[in-house]
Amino acid sequence: MITPVEFAAGLVGLVVTVLLVTAIARRLDWSAPLCLVAVGVAASYVPGVPEFQLDPEVVLLGLLPPLLYSASIQTSLIAFRKLRGPIALLSVGLVVFTTFGVGLVAWAVVPGLPLAAGIALGAIVAPPDAVAASVVARRVGMPRKLVRLLEGESLFNDAAALVALRTAIAAIAGSVTLWQVGLDFLLAAVGGAVVGGVIGVLASWVRARMDDPVSDTALSFAVPFVAYLAAEAAHGSGVLAVVVAGLILGHRSPRILSGSSRLASRLNWQTVQFLLENIVFLLIGLQLRRILAEVAKSGLSFAELVGICAAVLGATMVTRMLWMIGIGLSKRLSHRLHSMRAKIWPWRYSAVIAWAGMRGVVTLAAAFVLPADTPQRAVLVLAAFVVVAGTLVVQGMSLPLLIRRLRLPRPDPAEDALQEAAVLNDMTRVALARLEELRTPDDPPEVIQRLQDRLQYRADSAWEQLGRQGTLAETPSDAYRRLRVQLLEVEREQFLSARDNGTADDDVLRRVLARLDIEESMLDRDEEEPLVDERELSTPAATAGSCKHLSHEWKPVEPSSADSCAACIAEGTTWVHLRMCVKCGNVACCDSSPRKHATQHFHDSRHPVMRSYEPGESWRWCFVDLQLG
């Protein structure tokens, strides 16, 4: 019987170990999941380290719902709809294919193993892990479409795999017919989706009427467990219900939640996700000693165990490759036979998807779900552990190298910066127009001016990021941040003096400190998450869209100046960045500059398009349609 002190000490030990290992892995640029598994394996043999038993019910009910929910609320519902076909092929079709493929191999190599038990092992190792794929994708800068596809697959494949496992376990105990399998899968899918949708809509309705960020965050913690338990009670897929509820809430949060509630929820869920996903990998490693102790009673030799584990690991990896090859060949064949115009992904993308099949917590937790009387249960659990560790080592460590060798395009920071600047520009335009409608003669002019300046500053600071390669080392926004940070330091020292001297009440001081924290967090975010990487600004910009001015073939013109704004020089003012009219070649200053001569040139000449005149930049702007190109 574990005492409360021992439980608390064990929990603290897990958290501290996770923090240390992930910090070291991040500094050395190693795979954190793999390092945690390795540390767990080593720690399981250290005398005095308590035995952490990974109870499958704790994982499936206590860890899996919040992990899936935290991933689903960050998943774009719009992007998911666009990729629903490929996601379904991977999360359902590939799971079924892997289940039977690995099941047949296990049935052939494990002595005395029934086919139903082999298929159960196939269902156990079928679903790749959402966390492992995301970690690798973030480290190597995988193309976003691939990242969304892998994340969408890993969100939904758990449901298909667990339904297949449940059916295989029933087949071990007795007999099930094909129509029963299909009916179980249909009920699980429909029931989980319906329950998840209902919970998501109800939670959205309730959270839209809550003003307190603390209460809202507390309610969000209950949503994944409510969705899971409700779906399981209705004989649906609890995993699918959690994912659907998370997708709905994540999509609706900008409309139903206040800014403070979204910030609080995002930070809290990021913390929960970080701790749970890393503790899970550590716990996986800690299970090895217990697994080997059970395998020793199976009567199989070491060579036989190695052969079985290698065969299951190889079958798990090969079935995914074969599935991707089959999809690629079928699409190309259909394209040729029917002259289809559907887009076919490059083979390099399919190769990365085929190799990104790292397994994780769901696989090992599902292995422990196997009934105690399952034939060769210990061997099946060991094989599942080897699949988890093996895919993390073989695929997890080699995937970054594969992506670099295939030269897959990283997310384009220049295009991101252009899109962000365009969105902020549109937001500023509609906000300023709305301000003109809302203002009354009684509104103080200085207040209106302050609002206009604040809105314009936000848009200008985004445009300034596009000119980092210009001759100006520091933009006005950079100077503002630098000076404001120094002023915040002085203000904080004065705040501490007021606190220590007791010149103000503690409640008042907390409100003042909250204001300082909010402003400082905004400045820190601007510095830590730049809109664009200076080294990659030469990448072509966004497409011109439907603007006829941007798509027009403008003839090359001679710039009016090589490196200056003539109007600024004539007026004795300075500029931030330079822009050039593509029709007449007039070089003038940008809208972040005091005089905004490029915009003034448009109003005077009605020449619609200007382009950046900064080195390494090729983006253009249409003053008429307010579009980037």
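# Burial, contacts and salt bridges in a predicted model

Reader: What is the relative accessible area of Met321, which is partly exposed?

Author: In this predicted model, Met321 is placed in helix H14. Partly exposed covers the range between the 20% limit for buried and the 50% limit for exposed. Met321 falls in that range because its relative accessible area is 27%.

Reader: Which residues does Met321 touch, not counting residues up to four places away in sequence?

Author: The C-alpha atom of Met321 is separated by 4.9 Å from that of Ala354, although the two residues are 33 residues apart along the chain. With residues up to four places away in sequence not counted, the residues touched by Met321 are Ala354 and Trp355.

Reader: Which helix gives the largest share of the nonpolar patch?

Author: The patch on the surface is formed by Phe97, Val318, Leu322, Ile325 and Leu329, which together have about 450 Å² of accessible area. Phe97 lies in helix H5, residues 84–109, and counts as partly exposed at 33% relative accessibility. The largest share, 4 residues, comes from residues 302–338, that is, helix H14.

Reader: Which residues are in contact with Thr428, leaving aside its neighbours within four places in sequence?

Author: Thr428 is found in helix H18, which spans residues 413–438. Thr428 is buried, its relative accessible area being 3%. Its side chain reaches the backbone oxygen of Leu455 at 3.5 Å. Apart from neighbours within four places in sequence, the residues in contact with Thr428 are Leu455, Gln456, Arg458 and Ala459.

Reader: How many disulfides does a search of the whole structure find?

Author: Cys565 is buried at 0% relative accessibility, and Cys35 is also buried, at 18%. The cysteine sulfur closest to that of Cys565 belongs to Cys568 and is 3.5 Å away, which is too far for a bond, because a disulfide requires sulfur atoms within 2.5 Å. Over the whole structure, the number of disulfides found is 0.

Reader: Are Arg207 and Asp216, which form a salt bridge, buried or exposed?

Author: The closest N and O atoms of Arg207 and Asp216 are 2.8 Å apart. Since buried means under 20% relative accessible area, the state of each partner can be assigned. Both Arg207 and Asp216 are buried.

Reader: How many residues apart in sequence are the parts that Glu294 and Arg377 tie together?

Author: The side chains of Glu294 and Arg377 meet in a salt bridge at 4.0 Å, N to O. Glu294 lies in helix H13 (residues 288–295) and Arg377 in helix H17 (residues 377–406), so the separation in sequence of the parts tied together is 83 residues.

Reader: Which residues are linked with Glu294 in a network of salt bridges?

Author: Glu294 counts as partly exposed at 26% relative accessibility, whereas Arg377 counts as buried at 18%. The network of salt bridges links Glu294 with Arg290 and Arg377.

Reader: Where does Arg595, the salt-bridge partner of Glu571, lie?

Author: The side chains of Glu571 and Arg595 meet at 2.8 Å, N to O. Glu571 lies in helix H23 (residues 566–571), so the pair ties together parts 24 residues apart in sequence, with Arg595 in the loop between S2 and H24.

Reader: What is the relative accessibility of Arg595?

Author: Glu571 is partly exposed, with a relative accessible area of 40%. Arg595 also counts as partly exposed, and its relative accessibility is 45%.

Reader: What percentage of the residues of the protein count as buried?

Author: The secondary structure comes to 24 helices and 5 strands. Among contacts with a separation of 6 or more, 77% are between residues 24 or more positions apart. Of the 629 residues, the share that count as buried is 46%.

Terms used
Residues numbered from 1 in each chain as written. Predicted model: local features only at pLDDT ≥ 70, side-chain atom pairs only at ≥ 80, totals over all residues. Heavy atoms only, no water. Helix = DSSP H or I, 4+ residues; strand = E, 2+ residues; numbered from the N terminus. Buried < 20%, exposed > 50% of the residue type's maximum accessible area, 1.4 Å probe, protein only. Polar contact = N/O pair within 3.5 Å; in protein donor to acceptor, adjacent residues only side chain to side chain. Contact = heavy atoms within 4.5 Å. Patch = residues over 30% accessible without salt bridge, like charges linked within 9 Å, V, L, I, M, F, W, Y side chains within 5 Å. Areas by Shrake-Rupley, 256 points an atom, 1.4 Å probe, with all protein chains shown as cover.
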